[in-house]
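Hi,

Here is the structure I promised to pass on. Have a look at it first, and then read my notes below.

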Amino acid sequence: MPAWSEFQRRMRRYVGGRVDAAWADDVTGDIFLRLLQRPDRLAEARDPLAWTYRVAANVIADHHRRRFVERRTLEQLGAEAQAPHPEVNGGDHEALRRDLEACLLPFALDLPPKYAEALLLTYFRGLSQVEAAQRMGLSVSGMKSRVQRARVMLKRKLMDCCDFEMDRRGGVIDMRPRDAGCGRDTARASTAG
């Protein structure tokens, strides 16, 4: 195997060609974490470098699956926020939607204005990114980039505020606020600090 710094550089380049630049460092870190968690399998591998890249490919595939599920969930939340819900038989669903919206909206509103507006238009009002780009006077690629950055910022705010329990595939199965007062004021305090 090449020296550690050379290996890191190669792995970062490998990941950078397969995931969005905003996620490359996180995914690379996930790969190294998974490698460190399985030293026995690395030692047993016939071709350690090939095994390492197989692990990397699996982590990248997991990353893309998680991003797809997150995007789909946020898009559904935005669409459901716009769709009329019958109060009969749909009351539980409507209550859940309102709870989720009430939880996420203060964090979204606490983002810098251009990012908050991007999330509000696409996820809370249900506009497509093309429609939102036209409304904000941006190119479609500029809008996509802004929405992606806003999602990263929103995720950081949520991670700073809450402890999440994840399943083995990275899906959220439980969440607990770190502080009883966690919300918009807490999110502001973490941004200011």
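Leu154 sits in helix α8; helices here are DSSP runs of H or I of at least four residues, strands are E runs of at least two, and both are numbered from the N terminus. With a relative accessible area of 8%, Leu154 is buried (under 20% relative accessible area is buried, over 50% exposed, in between partly exposed, with a 1.4 Å probe and protein chains only). Leaving aside neighbours within four places in sequence, Leu154 is in contact with Leu104, Phe107, Ala108, Leu111 and Leu119, where contact means heavy atoms within 4.5 Å. Leu109 lies 45 residues from Leu154 along the chain, and their C-alpha atoms are separated by 9.7 Å.

Before I go on, some housekeeping. This is a predicted model, so local features need pLDDT of at least 70 and side-chain atom pairs count only at pLDDT 80 or more, while totals for chains, interfaces and linings use all residues. Residues are numbered from 1 along each chain as its sequence is written, and side-chain values use heavy atoms, with hydrogens and water left out.

Now for the chain as a whole. It has 9 helices and 2 strands, running α-α-α-α-α-α-α-α-β-β-α from the N terminus. Of its 193 residues, 32% count as buried. Among contacts with a separation of 6 or more, 51% come from residues 24 or more positions apart.

Back to α8, residues 140-161. Its 22 residues should span 32 Å at 1.5 Å a residue, and the end C-alpha atoms are 31 Å apart, which agrees (the expected span is 1.5 Å times one less than the number of residues). The buried residues of α8 include Met143, Arg146, Val147, Ala150, Arg151 and Cys161.

What does α8 pack against? One partner is α6, at an angle of about 100° with the axes 9 Å apart (axes are lines fitted to C-alpha atoms, for helices over the stretch in contact, and angles run from 0 to 180 degrees between N-to-C directions). That makes α6 roughly perpendicular to α8; the cut-offs are under 35 degrees for roughly parallel, over 145 for roughly antiparallel, 65 to 115 for roughly perpendicular, and oblique for the rest. On the α6 side the contact includes Tyr115, Leu119 and Tyr123, and on the α8 side Met143, Ala150 and Leu154 are among the residues. By class, this contact of α6 with α8 divides into 9 nonpolar, 1 polar and 4 charged residues (Ala, Val, Leu, Ile, Met, Phe, Trp, Tyr, Cys and Pro are nonpolar, Asp, Glu, Lys and Arg charged, and the others, Gly among them, polar).

Helix α7 is another partner: its axis and that of α8 come within 9 Å and cross at roughly 105°, so α7 and α8 are roughly perpendicular to each other. Here Gln129, Val130, Ala132, Ala133 and Met136 in α7 meet Val140, Met143, Lys144, Arg146 and Val147 in α8. That contact has 7 nonpolar, 1 polar and 2 charged residues.

And how do α6 (residues 113-124) and α7 (residues 129-136) cross? Their axes come within 9 Å at roughly 135°, and they are therefore oblique to each other. Lys114, Glu117, Ala118, Leu121 and Thr122 of α6 meet Gln129, Ala132, Arg135 and Met136 of α7.

Arg67 counts as buried at 6% relative accessibility. Not counting residues up to four places away in sequence, Arg67 touches Trp23, Arg151 and Lys155.

Cheers
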